[in-house]
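Please read the points below with the structure open.

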Amino acid sequence: MSKPKVAFICVHNSCRSQIAEALAKRDYSAVFTAYSAGTETKSQINQDAVRLMKARYGIDMEADQYSKLLTDLPTVEIVVTMGCNVSCPSLPCRYREDWGLDDPSGQSEAAFLTTMDQIESKLADLAKRIEQGVI
């Protein structure tokens, strides 16, 4: 069976979805293929997220990630919305869930680190369910 394609979606594809894509690629590339996108784009990934991902994980998100639109994605099997707090974008898939994460943009470093912790935990759970064939 081929690895499912998972898309992490938020409005601007500049922070939470980018963090999820980067951590998923680092930790779960054997389980699923990770993508991220949004309904709008920003000119660059959130610079606080970039800085903290480098400091905490040694991941340079700007090396191979950029803000993408939903239309830039391949066909995906699983969609994870990050907690849009607006009308979440729709994308065809076989399974969808919302992680309900607050956007740390413009907040303290602690808010970003908390969001990263939440994403790490949710990624581990998602990978486990994919491996078990639950989703």
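Leaving aside its neighbours within four places in sequence, with which residues is Leu91 in contact?

1. Basis of the note. The model is predicted: local features need pLDDT of at least 70, side-chain atom pairs count only at pLDDT 80 or more, and totals for chains, interfaces and linings use all residues. Residues are numbered from 1 along each chain as its sequence is written, and side-chain values use heavy atoms, with hydrogens and water left out.

2. Leu91. Beyond its neighbours within four places in sequence, Leu91 is in contact with Ala7, Ile9, Leu70, Leu73, Val76, Val79 and Arg96, where contact means heavy atoms within 4.5 Å. Leu91 belongs to the loop between β3 and β4. With a relative accessible area of 15%, Leu91 is buried; the term applies under 20%, while exposed means over 50% and partly exposed lies in between (1.4 Å probe, protein chains only). From C-alpha to C-alpha, Leu91 and Glu131 are 23 Å apart in space and 40 residues apart in sequence.

3. The sheet. An open sheet is formed by 4 strands in the order β2-β1-β3-β4, with parallel pairing. At its edges are β2 (33–37) and β4 (95–98), each of which pairs on one side only. Strands here are DSSP runs of E with at least two residues, helices are runs of H or I with at least four, and both are numbered from the N terminus. Two strands pair if DSSP finds at least two bridges between them. Strand β1 (residues 5–9) is joined to strand β3 (residues 78–81) by 4 bridges in the parallel sense, and Ala7 stands opposite Val79 in β3.

4. Helices on the sheet. Helix α1 (residues 16–28) lies across β1 and β2 and runs at about 165 degrees to β2. Axes are lines fitted to C-alpha atoms, for helices over the stretch in contact, and angles run from 0 to 180 degrees between N-to-C directions.

5. The helix pair. Helix α2 (residues 47–57) packs with α1 at an angle of about 25 degrees, their axes being 11 Å apart. The two helices, α1 and α2, are therefore roughly parallel to each other, a term for angles under 35 degrees; over 145 counts as roughly antiparallel, 65 to 115 as roughly perpendicular and the rest as oblique. Ile19, Ala22, Leu23 and Arg26 of α1 make the contact with Ala49, Met53 and Tyr57 of α2.
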